[in-house]
Amino acid sequence: MPCGQPESGGGGAAAPARYVLGVDVGSTAVKCHVYDRAAAVRGSSCRKVESLYPRPGWVELDPEVLWSQFIGVIKEAVQAAGLHMRQVAGLGISTQRATFITWHKKTGKPFHNFISWQDLRSAELVNSWNRSLLLKVIHVIFTMLHFLTGNDRYLAPSFLTFSTHQTSMKLSWVFKNIPEVDEAAKKNNCCFGTVDTWLLYRLTKGSVYATDYSNASSTGVFEPFTKCWNPTLSNLLSIPMSVYPPVKDTSFNFGSADSEIFGVSVPIMSLVADQQSAMFGECCFHPGDVKLTMGTGGFWNINTGGNLYASKRDLYPLIGWKIGDEVVYITEGCMSDIGNAIKWAQDINLFTDVDETAEMARSIADSQGVCFVPGFQVSANDPCLCASFMGLKPTTSRNHLVRAILESVAFRNKQLYDTIVKKVHIPLQTVRADGGVSNNSFVMQMTSDLINKKIEKPANTDMSSLGAAFLAGLASGLWTDKEQLKKLRRTEAVFEPQKDLEEYRPAMDTWMQAVKRSLH
């Protein structure tokens with residue numbers, strides 16, 4: 001379905017049954033799906049997100065454009081479903097994480113555009129902090145505290161390093177570089193919010209100011225152990241505690257959208273961060289359940305139940321969701337340049353249609369020693385990582401280049417999976433994949449072979465929308481419990497290991513050598 005074109009669910013007379021909306025405000029698109037009681041999609045709409053690049057390394061979103069797109073896809077999807085807004089039992093909103101904005105509490109006017117999670121403006125500040133004596137002192141203090149107490153909450157600060165992806169550093173940059181924000185905060189007139197908070201504020205015309213636990217924990221300023229905004233980190237970075245919103249349950253009645261917006265008031269029944277939402281949509285409800293999302297970037301998430309695993313360099317703990325007394329924690333590992341590397345290959349005409357790529361890769365026995373090292377985005381571990389093709393020969397064809405790109409996705413999946421197995425001491429259960437790249441059968445099969453586990457792919461890969469809808473449906477009473485949700489899940493394909501890992505060993509060893517040559 002191309003962005004901007006509503007997908008009809010059949011139309012006809014409006015049915016009396018109740019429905020929920022799942023809206024996913026992602027990095028590349030805003031999507032809305034209308035779901036019925038059977039979790040079938042009755043209508044959809046999608047609009048492309050246009051990022052702004054005002055300076056080199058800066059990535060922003062225009063808040064008014066995003067608001068218009070958000071409202072537009074909701075109206076289009078409901079219309080495509082042949083329904084009226086009064087038939088909507090609840091609205092669930094899934095949003096990209098760590099993208100934020102600040103605005104004046106009394107006027108509601110933003111002080112600046114949304115600053116994207118991809119934005120690099122805080123690079124100088126990050127480097128300064130990571131080289132500072134103060135950070136070294138913090139490492140020593142918390143290493144000693146962890147040694148003496150054995151408490152895992154002291155482990156993460158013992159090797160704390162800052163990166164440009166963290167909301168905390170960009171928010172600190174805002175307070176240092178936009179005087180109006182600092183002045184408003186001193187008068188308690190500054191509001192900070194991730195995308196979910198700002199949309200909620202706009203939907204309720206300023207009457208509700210809140211976020212949920214999944215979005216808060218994804219900012220890097222919220223302490224998952226204590227489930228509170230982190231005063232120590234905020235003081236270190238000169239961020240006033242007064243700017244943070246109250247934190248509510250993920251599946252919760254946040255209030256209703258003002259009736260002037262949609263003609264009727266629509267209950268807002270869930271706010272959730274996109275990766276956690278996808279995990280809920282995949283029904284990864286039990287400890288050991290694993291969700292693999294391959295979209296613009298790649299994310300491995302493991303449900304750790306009520307146990308919070310401390311940060312261990314490549315992995316970090318988050319709150320998955322909070323529903324009543326239940327708090328589910330997850331551990332996450334991520335990798336950049338998945339979907340955007342494939343999109344780049346399309347832009348330079350290595351292929352015409354993304355659906356061709358799996359067959360192109362399978363049409364040859366191997367990549368002929370050609371390796372692709374992704375590195376379009378700045379790496380937190382190595383900001384000088386160089387994206388590259390290596391091993392090119394006179395006989396190298398488009399098929400070899402495409403296969404090398406797809407193999408790099410599978411190899412990185414294997415690396416991150418091995419890290420999870422090593423550092424998270426929970427037996428891994430079901431692995432479920434979603435995101436646009438999960439439609440690529442070559443990547444899916446190769447990943448299954450490499451990790452030697454079965455991988456399930458759902459019929460609907462827009463899991464962030466479905467997860468938000470599930471959470472909204474639970475809060476509105478459309479569905480009763482998670483057991484009912486599990487029965488609604490539809491699997492389209494199951495990939496089981498077909499080749500032994502040793503068959504891939506030479507190619508993976510060559511690829512890892514190529515990665516080493518691209519570092520620094």
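The chain exposes about 21300 Å² of surface, and carbon and sulfur atoms supply 52% of that area. Keep in mind that you're looking at a predicted model.

How does the overall shape look? Along its principal axes, the C-alpha trace spans about 65 × 65 × 45 Å. A compact globule of 520 residues would have a radius of gyration near 24 Å, and the chain has 23 Å, so the two agree. The chain has 18 helices and 23 strands. Count the contacts with a separation of 6 or more, and 71% of them are between residues 24 or more positions apart. As for charges, there are 51 positive and 49 negative ones, and their mean positions sit 4 Å apart.

Now for the rings. A search of the whole structure turns up 23 aromatic pairs. Take Trp 344 and Phe 372: their pair is stacked, at 6.2 Å centre to centre with 15° between the planes. This pair links distant parts of the chain, as Trp 344 belongs to helix H12 and Phe 372 to strand E19, 28 residues apart. Trp 344 is partly exposed, with a relative accessible area of 28%, while Phe 372 counts as buried at 2%.

Phe 372 also pairs with Phe 389; the ring centres are 5.0 Å apart and the planes are at 50°, so this pair is tilted. Phe 389 itself is partly exposed, at 23%.

Elsewhere, Phe 100, Phe 192, Tyr 213, Phe 222, Trp 229 and Tyr 244 form one aromatic cluster.

Terms used: Residues numbered from 1 in each chain as written. Predicted model: local features only at pLDDT ≥ 70, side-chain atom pairs only at ≥ 80, totals over all residues. Heavy atoms only, no water. Helix = DSSP H or I, 4+ residues; strand = E, 2+ residues; numbered from the N terminus. Rg over C-alpha atoms; globule rule 2.2 N^0.38 Å. Contact = heavy atoms within 4.5 Å. Areas by Shrake-Rupley, 256 points an atom, 1.4 Å probe, with all protein chains shown as cover. Lys, Arg positive; Asp, Glu negative; His and termini not counted. Charge placed at Lys NZ, Arg CZ, Asp CG, Glu CD. Phe/Tyr/Trp six-rings, centres within 6.5 Å; stacked < 30°, edge-to-face > 60°. Buried < 20%, exposed > 50% of the residue type's maximum accessible area, 1.4 Å probe, protein only.
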